[in-house]
Amino acid sequence: MPQHISNTLWAFAKLSVQHGPLIASMSAAALLKLGEFRSQELGNLAWSYATLAIRDEPFLDAISEAALCIIGEFNIQGLANTLWSCATLSLKDPPLLAALSAAALAKISDFRAQWLASTAWSLARLRCCHGPLLESIAAQSLNRIAEFSAQHLANTSWAFASVALANEQLFAALSAEALRKISAFKPEELSGMAPAFRSPQIVDEKAMGEATATCIGESSGFGSRSLAGMLWSPATVAILGEAMVRTASKVAATGLQHQAGRTGGRRAAWKPQELSTSAWSCATLCFEHEPLLDSIAEAAVIIIAEFGAQELSNLVWSMATCAYRDDPLMEAISSSSIAHIAQCKSQELANTSWAFATMKVDDRPLFDAMAAQSMITIPSAEPRHLSGTVWAFATLAILHRPLLEAMSSAVQAQISAGIFGGRALSNTAWAMGTLAWLGARPMTGTAAAPPSSIGGTAFRSQEVANGT
């Protein structure tokens, strides 16, 4: 019977048990009787598959088709759960989403806090900007804001920011309610509140910052993803204050020290992307928290073999921007970058070479590898990548003639196309002059082209001086 099939799959999902053969046989049986399933049973099927992360396209398509036929029979929870299932499985079925949204809009006045937040999150995750429904969710959320849990507040804040609906009244209400419930927030939920914390209607910024810092300081689960989320938004840092960010950084550093085996306690291991993103956030915000950078460097050395080309480039660029030099980290990044050199794009090569040059680390094997890869990526390189790379070689007095000849030709072509800006051109001219490279044709191109015609950017006095 449909109810038995639906309930069995629901139970397995609730217990997080993935028994492949049983689920496959139940799904096959369900396909034969989908026309007999009621709305609640269809909703349970979708929810079960989403919870177990099973993306069976034919089966999900059949559920969508069956749900469309009886969309009017879905109750509020069924609508919210089905939308959540679609979002979780990234199932973008326009007719189904339109029908679910219309049905939800008709019943929005009866939605509870959980379903309001869930529906907003689902629409945002699916990039489904249903204006009338989102506006109604905002209005109902204002009426029921006291019923929102920390997760509901964070999901709603993230959702409205993701669909670019900056409802200031809603964000202000979310922030005020978050302050009242700040002790209940998990680290990732604080990160989700960032858009609401931008609201100019926040009344007590100091109290919000102090409460958030206390929450982070007492949390045992604050990790890299949470730290990166908090640091990602300059507005969040500005509103919550340096005390909050320093508290977050201190707690995150403790977690990293544990990963390095230096302290006790239990914290989740940090992944390469989380390490590089956290370092990038510090660099971008000019937030140089040395204990945190020490911990990031130590943890990165341990798992450097797991880093990809982009993560290595972001990490070393961030450390150089923060003027933080750690020789064991630089050696590890160099070795791993050479191993991943074939995956490096022009931006990653430029950032890595810039970072090593900025920190005065003359690593010839690495620069030889970057020179060879740069010659391959030159056709797709932007002006800033070309100038940044040649600047790095000149700064360390590394004369690599084949690379400079290839760079010279590429720069000349970009000058002729009018896409090489003043700063890039002056940096390139300085680099070529520093290396006394006689074939530095970009300098000739600079003299021939008026500033207004080079990338639409006029030269500054320092740039003119560099180019002469």
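Q: How many helices and how many strands does the protein have?
A: The model is predicted: local features need pLDDT of at least 70, side-chain atom pairs count only at pLDDT 80 or more, and totals for chains, interfaces and linings use all residues. Numbering starts from 1 along each chain as its sequence is written, and side-chain values use heavy atoms, leaving out hydrogens and water. Helices (H or I, at least four residues) and strands (E, at least two) are DSSP runs, numbered from the N terminus. The protein has 26 helices and zero strands.

Q: What percentage of the residues in the protein is buried?
A: Buried means under 20% relative accessible area, exposed means over 50%, and partly exposed lies in between (1.4 Å probe, protein chains only). The protein has 468 residues, and the buried ones make up 53%.

Q: What share of the contacts with a separation of 6 or more joins residues 24 or more positions apart?
A: A contact means heavy atoms within 4.5 Å. Among contacts in the protein with a separation of 6 or more, residues 24 or more positions apart account for 76%.

Q: Which helices pack against the buried residues of H3?
A: H3 covers residues 39-51. Of its 13 residues, 11 are buried, so H3 is largely enclosed by the rest of the structure. Trp47, Leu42 and Glu41 are among the buried ones. The buried residues of H3 pack against H1 (2-14), H2 (20-33), H4 (57-69) and H5 (76-88).

Q: How far apart are the end C-alpha atoms of H3?
A: The expected span of a helix is 1.5 Å times one less than its number of residues. With 13 residues, H3 should therefore span 18 Å. The model agrees, because the end C-alpha atoms of H3 are 18 Å apart.

Q: What is the phi of Ala53?
A: Most residues other than glycine have a negative phi. Ala53 follows H3 and lies in the loop between H3 and H4. Ala53 is exposed, because its relative accessibility is 59%. The phi of Ala53 is positive, near 55 degrees.

Q: Where does Lys360, with its positive phi, lie?
A: Lys360 is not a glycine, yet it has a positive phi of about 55 degrees. Its relative accessible area is 56%, so Lys360 is exposed. Its place is the loop between H20 and H21 (364-377).

Q: At roughly what angle do the axes of H18 and H20 cross?
A: Axes are lines fitted to C-alpha atoms, for helices over the stretch in contact, with angles from 0 to 180 degrees between N-to-C directions. The axes of H18 (residues 309-321) and H20 (residues 346-358) come within 8 Å. They cross at roughly 35 degrees.

Q: Which residues of H20 meet H18?
A: On the H18 side, the residues are Ala309, Gln310, Ser313, Val316, Trp317, Ala320 and Thr321. They meet Gln347, Glu348, Asn351, Thr352, Trp354, Ala355, Phe356 and Thr358.

Q: How far apart in space are Thr277 and Glu311, C-alpha to C-alpha?
A: Thr277 is in H16 (residues 272-284). Thr277 is buried, because its relative accessibility is 19%. Thr277 and Glu311 are 34 residues apart in sequence, and their C-alpha distance is 8.1 Å.

Q: How far apart in space are Ser149 and Ala184, C-alpha to C-alpha?
A: Ser149 sits in the loop between H8 (131-143) and H9 (150-162). At a relative accessible area of 29%, Ser149 is partly exposed. Ser149 and Ala184 are 35 residues apart in sequence, with a C-alpha distance of 8.3 Å.

Q: How many disulfides does the structure hold?
A: A disulfide is a pair of cysteine sulfur atoms within 2.5 Å. Cys69 is exposed at 66%, whereas Cys322 is buried at 5% relative accessibility. The number of disulfides in the structure is zero.
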